[in-house]
Every structure is written in structure tokens, then in C-alpha cells.
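Please keep the sequence and the three-dimensional view at hand while reading.

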Amino acid sequence: MNKLIIIFLLFLTNTFYSYSQKVGIVLSGGGTKGLAHIGMLKALEENNIPIDYITGTSMGAIIGGLYSIGYSPEEIEIIMTSEEVKRWAEGKIDKKYYYYYKQSLPNASWDILKLKINDKFKPYIPTNIVSTFLMDFQFMEIFSGANVACKGNFDSLFVPFRCVATDIDANTSIVLKNGDLGKSIRASMTFPFYFKPIEIDNKILFDGGIYNNFPADVMYNDFYPDIIIGSKVANNFPASSKDDILSQIQNMLVGNTKYDVICHNGILIEPDVEKVGLIDFSRAKEFIDSGYSATIKQMDIIKQDIRRRINTNELKEKRDIFKSKQPIYFIDKITTKGLSKNQHTYVNNILYLNTLFYSSNFDKHYNKKKKNVLLANIKDQYFKMIAEGYFENAYPSLVFDSISGNYNFIIEMKKENNIDIEFGAFVSSNPSNEAFAQLNYNYLNSFSTNITTNVYFGKLYNSVMLKGKIDFPKRKPFFLETSITHSNWNFFKNTTYFLLDEENPTYLIKDENFSEINIGFPIKHLSKLTTGVSASNVTNQYYQNNYFSKNDTTDRTKFNFLASHISYERNTLDKKQYAKKGSFLSISLKHINGVEHFKPGSTSYIKKDIDKRHEWFQFKITYDNYFKSFGKLKLGCYSQLFTSNQRLFSNYTSSLLSTQQFNPLPENQRMFNPIFRANSYVGIGLKTVYSITQYLDFRLEGYVYQPYKEIIKKDNYAFYGEKLDKRYFILSSSLVFNTLLFPISLNFTWTKGQPEPFTLSFNLGYIIFNKTPID
């Protein structure tokens, strides 16, 4: 009888224990390798394993945070493998939010190499490489509703949650258990130097992985579960080497973490994930599958230790109940902090604060009675404002008003310092190296003013440019700009890039001076219409053949002219050079009226001065489009049509210099190439880009160029050839590695019609120059 009672009591105890078991999940940091945690959560849910608590660091905090507010593993996977998340990690705001007319012309600056000057005129380096504007808004958008539902207490989430961050001043790890959920998770994943740090309770916080990359101790101390399941995708750094400064810095900044589950019956899952870049999402699916497989391999052990189960319907009902507590993001008030009165006015104009709730843009979701609007309707205007680049910091948050049922949209803002300096350089295996610097002065009042000056210097090209621009943020915005540019091209020092045969001259110095005034308007977000006038002076010095000495004087052609133009541009390309996504369209009409002054040199066949008036119209269309994607393979096309009624100049060389050149490849821009110059032509081509890795591309491109009438030479005079008589071809293959700063390319090109048709070059940096007067 006693034995039966003991057996019965043991049965009751075991049954009670099985049904009262509490399971805690610990998710490590590890950058994008942490996506394996999604696979683990997916495997646990498929097998009805309950999850009662979650703690996480860095990427583990993001995945755990999403799960804790009611997202299923499948929903988390959709989010974390989306293009949107890749933009978070790279700090790239979607092109749809940009006003293209507000963007500066592309230049040779390296992408993130910018030196800022503070109010005391002292230089300083930004604290982050990657912009966090997009990430901060998205974290707010994802987590704010859940924050209201739990009233700022992370124990009241769908699943109680903790994350850890690092207090950089106190040199210690802190546990975040209440407050702003989105801000807490953002702090936990703020890897030093990559992302801007977060301030919570007057503490500057960085990535929790610096001191605690696997918060099993937090799980044990805060929740005391019966069983802990840990997912580990990170390791401690190896010991420092006296010859390796990087290893020394790593170990100075990051402490060692104990990757152990504390419970005696804890389970540690270690997915097989290879080392990748911190923000490399190219293998996201692979990592998720790895986490799933590693968990399934241990599922028998998990089921043996965890007797309790939760069925799918019960889990879904629990999720739905928690989500129903999250108020919809209706905004009835917008507050900005940290700006002057006039700067506040500027932001008002951008966000339409004075007329926001009466704008037709919001008629679909606007509630006239409550005078509120959905956050999604404000989002476009917010990112348009951020994309202008006038703000160093803009941290958004949503504060819920339980009385009105609406949110106050608060933006803590800090204006960018007025002055910043950009640097760049182009280094090549061929003799055309360049250095670049640009100073920008930005003044923000009730309208914005930008003054820019830059300088290029090198053997081939030297240039100085000064430009001023004023943007007027009206309901129908527009801009005014004026610029002055001086450029000098010296092909004599770079005969490799004066692509002529032995019978033609290898000496050419080209001086360009021009000023212009433009007014422009946006045509939707990604396009602009510009019209303006310019005055130019172009001086060319050259010999008509190669038989000259240092005592000889060059032929000299001066062309002084006025021009007026109207142009339309639309641009969605993802890079300023070596793009592989998006499109570019430019349509321009230009009228040119000027006088050519020719003065012969000592070797000229033409012995008299010539003055000649020229007037013409020119029309140009350029279309660049990456139109199809097959996974890692992208297909694109490029075409350019140029036509004019321009007459030939007084001699062959000056006629070539006065017209346009077909430049489908970046390297073509640093060449003077007679066979690709004409007064009317069409060029078309196809491009194939294969992404070997996230940063390494193989490009294969082919182009055909057809001049309407080729400019030919006879006794140093210029004549037109027969219509459509000749055509030329370019084939190019290249490897392009896109670093955070600049592209590195290895190019092999074949050009039909050149004395040396094959060229091989190794290039570092952007091949971009200031605007020329004939363009």
C-alpha cells in the first residue's frame, strides 16, 4: 500500500513538474550569423516546445525582441531576409524617399571619408560608419506598439524579455528590462564605430557583446527557468599577438564571454555557420537553415528534458491577444527638439506641420473628426527630410496618449555642423592618378543654402569648382544654383590616354572656364527638370603632328560661347559608379552660340588666323537600365543618342575637341579618343553583372558605336565621311570589389579600331570629373 502511495505521489510530482516547466532561450551575438537563431526558434515551434523567457545580445536581442512581441519565426525570417533590413545594416535610405533634385552632382570623393568641422572650427571624425536614420525609424515602427501594450515592462511582453548593452563610461554590462523596447534593442546591437551609440538614462550605450555576448547569467538570475536552451554563433577572440595590432585592439575593447548554459540540464545549440562580414546578409537563408538543422539534431534530447508542449492554436491565440493590445499608429501631434526657431520652421515646411492634417496626401487615412493621420503617411516626408543630409542626428520616438488614443511623434534632432570636408583619390596602374578634396558649407534657416568648392589635381586633370545652391522647401519646391569651374586637361603627360596612331599628335592641353546659373524643379521624387544659361571660354593648345621641338609653338583654338539648356533627369541607380541595380535617364537640349579664334603655331600647315562664328543646337539622350535580375546575375543595357547641327571647326583637331565623346565605361572618361567623337552618333550596349559575393562583382560589357558621319582628316582639315560608313566596338570584362570607401577594379578591354586594341588596367577609386561646358 505504501509503495502504491509513493508511486502515485511520484507520478503527480512528475506530472506537475512537466506541466510547470519553464523554458528560457538565450541567443548570442554574432552579427548576421545570428540569423541562425531564427532557425532554432522555427524548429522549437514546429515541435511544440514552449518558450517562456528570452534573453539576447546584439543580433540575438533583435531576433529575441521580435519573438517577444509576437512575431512568429516565419514572420521574423521574412523581415530579416528582406531588402529593407539590408538597407538598415548599410544605412541606405530607399531611393523612393530621395528628392533627386536635392542631391549633389557625383564626384570622386570616397563614400564615407568625410571630415567634419565643429562650431569651434576644430575637425572631428564621425562616431559611426553606417548611418542609423533608417534603422532608428524602423525600430520605432516595429516595437512602439508592443511597448504600449506592455507599458514599458518587458516582463509583460508576449514572452518576457531581456537584452544587455554596454555602458562605455562605466566599462560594465547593463541589463535592460524596462523603458523603450526599441531603443533598448538598438543599444544592444550598436557595434562600436559601425553604428551611432544610444543614450538611455544619461548613459552612452554600445553593443552588449563587448562584455556579455551570451546572457545566460541574465536568464538565470532574472527568470530562474527550469531549463535553458542556448543558441551560440560567436566565439571569443584569439589571444593577442605582439605583431598583430588588430588582435590587440580587439582584446582591449572586447572581454571574453563564458558560452555556457548555467542549468545542469541546459542544452547548447551551436549551428555550423562560417565567418562573414558583420553586416553581410548574402547568406541569410543558409544561416537560418543551419540553425534549424542544428536544433533538429538535438530535438530528441530537448523533448526528453522538456515534457511540456504548447499546441499551434494555443500559441496563435496568445499572439493574437497580445497584438490586439497594440494601438494603431495614429499621429495627432509632431514635436521636434534641439533646433532653432528658423530650423524648426524649415522642418515644419518639409513635414507640412502647419497643414499636415489638411493635405490631400492623407485623404485616404485622415480622420477629420480626430484630426489624426497614420504614421505611414508621415514616413515619406520624414525620409525626404533626412535624405537632404542637413541633420547629424534625428532620433524618432512615439509617445502614446491614452486619453486621445493617438501618438505624439517626437524627433530629437541635431543639425549637421556647417562645414565638412570630403576626400578622394583615383590610383591607377596607368599614368592618370588623381587626388580630390571638397569643402561643403551648409546653412540651414527657413530655407537651406549650400556652398561647395572642390579641387582635383593630378597629371591628367586639374580642376577647381565653386558652386552655391539655395533650396526652397515650398509646397512646390524648387532650387536656384550658380557655379564657376576651371579645368585643365593635359594629355601630353598621359600619352597612354591620347588614343591616336603614330601619324596623329600626342600633345594636347585643354583649358576650360565656364560659369552657369540654373533653376530646377522636382518631377516626382526621383527626377528633376533643370533650365539655365552659361558663359564659357575653352582654349585648346595642340600640334597637328608629332614633329615638334621645345622651341616650337602650338596651334591654339579659343572658343568663347554662350549656351542655354533645358534637361530632364531621372536616377535610381544604386551606385554612382559600377551600379548593378536601378536606372538612369537623361534628356537634354542645348543651344550654343560662340566664336572660334584660331591662331596657328610654328608647325601648322594653316598659316593664317581664323575667326569663325558657330551656332548650333544639340540633343542628347542617355539611358542606363539594369532591367532583369536572376539571383546573383543582373542584366543591363546602355544607350546614348547624340545629334547636332554643328559645323566643323577650322581644323581636324579643333573639330574633334568641340564635339561629344561616347564614354560607356568609366575608363573612357580619361581618354581623348577620336574614333568615338562625332557631331551625331548612337551607341548601344549590353551589360552582365554577376555578384560573386556581396562586395565582389564580375562585369562583362559589350558596346557598338555608330557615328552618323565620321570626322576624318585631310591635310589637317576636317571633313565628314560617308553616312554610316564605319562603326566601332568595345568589349570589356572587369572584376570590381566595392569596399566601404571606394571601388577597386581590374579591367580588360578590347576596342576595335585602336592602334593598341587591348588594354589592361588596375584602378582604385572613382573616375568622376567636374562638369564640362559642352555637356
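Which residues form a nonpolar patch on the surface? The model examined here is a predicted one. In this model, Tyr690, Ile692, Phe698, Leu700, Leu735, Leu746, Phe748, Phe758, Leu760 and Phe762 make up the patch. Together they have about 920 Å² of accessible area. The elements that contribute two or more residues to the patch are strand 29 (696-707), strand 33 (743-751) and strand 34 (758-764). Of these, strand 34 supplies the largest share, 3 residues.

One of the patch residues is Phe748, which is found in strand 33. Another phenylalanine, Phe729, lies in strand 32 (residues 728-738). The table sets out how accessible each side of this pair is.

| Residue | Relative accessible area |
|---|---|
| Phe748 | 39% |
| Phe729 | 30% |

Why do Phe748 and Phe729 count as partly exposed? A residue is called buried under 20% relative accessible area and exposed over 50%, with partly exposed in between. Phe748, at 39%, therefore counts as partly exposed, and Phe729, at 30%, is therefore placed in that class as well.

The surroundings of Phe729 can also be described. Leaving aside neighbours within four places in sequence, Phe729 is in contact with Tyr703, Val704, Trp750, Thr751 and Lys752. From Phe729 to Ile684 there are 45 residues in sequence, and their C-alpha atoms are 9.9 Å apart in space.

Elsewhere in the description, a sheet deserves attention. Strands of a sheet pair through backbone hydrogen bonds, in either a parallel or an antiparallel manner. Here, 4 strands form an open sheet with mixed pairing, in the order 12-11-14-13. Strand 12 (373-374) and strand 13 (391-401) each have a single partner strand, so they stand at the edges and one side of each has no neighbour in the sheet. Strand 11 (residues 330-337) pairs with strand 12 in the antiparallel sense over 2 bridges. Within this pairing, Phe330 stands opposite Leu374 in strand 12.

**The chain as a whole**

The protein chain contains 15 helices and 34 strands. Of its 775 residues, 54% are buried. The chain exposes about 35,600 Å², and carbon and sulfur atoms supply 57% of this area. Among contacts between residues at least 6 apart in sequence, 67% join residues at least 24 apart.

Methods:
Residues numbered from 1 in each chain as written. Predicted model: local features only at pLDDT ≥ 70, side-chain atom pairs only at ≥ 80, totals over all residues. Heavy atoms only, no water. Pairing = 2+ DSSP bridges. Patch = residues over 30% accessible without salt bridge, like charges linked within 9 Å, V, L, I, M, F, W, Y side chains within 5 Å. Areas by Shrake-Rupley, 256 points an atom, 1.4 Å probe, with all protein chains shown as cover. Salt bridge = Lys/Arg side-chain N within 4 Å of Asp/Glu carboxyl O. Buried < 20%, exposed > 50% of the residue type's maximum accessible area, 1.4 Å probe, protein only. Contact = heavy atoms within 4.5 Å.
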